[in-house]
Amino acid sequence: MKTEMEKYLAGEAFCFLDPEIAAMKENARRLCKKFNEIDTSDLEEQNKVIQELFGSYRNKVYMQPPFNCDVGKNIHVGEDFLTNYNVTILDVDQVRIGDFCMIGPNSIISTVNHPMTAKGRREKLSIIKPVTIGNDVWIGANCVILPGVTIGNNVIIAAGAVVTKDVPDHCVVGGVPAKFIKELES
C-alpha cells in the first residue's frame, strides 16, 4: 500500500493532513513568514529567502509582501519576475512561470483541488495538476488561475478574471470564467 507521500509524488489523490506533506507545507509557511517580515528595501535578504523557498529562479525577482505559498520548491520562475502585494501560489504541484512576468495584487495561482464527492472531502483528499505560464504574461489584480491551466506567451489576464482553461499566445482574456477579449501584437 502506498504512503500518502508516494501518492502525492505519483500525482494521485492524497490526504493533505499526512505528517510528511504537512511538514513540507510548514517549511514553506515558515519561509514565507520570514520573507514577509523583511524590510522591502533589503532586496539582498529577500533574495536569500527566495533562493531557499523556490525550486528555481533566474535574475531579478521582485516580490512585495505578503507572499504565501504551499510548498515553495514547486515554484520555478524565469527572469525579471514581479509580484505585487498579497499574492498566493498554492504550489502543491509544479508552477512554472516564464520570463518577464508580473502578477497583480491579491491574485492566486492554484495547483490543488479537492474531490467532487463528500466522502473524498471528508477524507481530506487533494488532487493536483500543474500550472504553466509563458513569457511576458501580465496577470492583473484579483485574478485566480486554476489547476491544470497553461497560459501562453504575451498574454494579459484582465483584473478579476478566473482562468479555468488554457489561454493561447498573444491575447487578452477576462471575466468569470475568463474568455478571449482581443488579440495582441506578437
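**Strand pairing and helix packing in the predicted model**

Strand β7 (residues 87–90) and strand β10 (residues 108–110) pair in the parallel sense over three bridges; pairing requires that DSSP finds at least two bridges between two strands. In this pairing, Ile 89 stands opposite Ile 109 in β10. Strand β7 also pairs in the parallel sense with strand β4 (residues 67–69), again over three bridges, and here Cys 69 stands opposite Ile 89. Strands (E, at least two residues) and helices (H or I, at least four) are DSSP runs, numbered from the N terminus.

The model is predicted, with local features needing pLDDT of at least 70 and side-chain atom pairs counting only at pLDDT 80 or more, while totals for chains, interfaces and linings use all residues. Residues are numbered from 1 along each chain as its sequence is written, and side-chain values use heavy atoms, with hydrogens and water left out.

Turning to the helices, α2 (residues 19–36) and α3 (residues 43–53) pack at about 170°, their axes 9 Å apart; axes are lines fitted to C-alpha atoms, for helices over the stretch in contact, and angles run from 0 to 180 degrees between N-to-C directions. The two helices are therefore roughly antiparallel, a term for angles over 145 degrees. Where α2 meets α3, the α2 residues are Ala 28, Arg 30, Leu 31, Cys 32, Lys 34 and Phe 35, and the α3 residues are Gln 46, Val 49, Ile 50, Glu 52 and Leu 53 (contact means heavy atoms within 4.5 Å).

Glu 4 belongs to helix α1 (residues 4–9). Leaving aside residues up to four places away in sequence, Glu 4 touches Phe 14, Cys 15, Asp 18 and Ile 21.

Definitions and conventions: Parallel < 35°, antiparallel > 145°, perpendicular 65-115°, else oblique.
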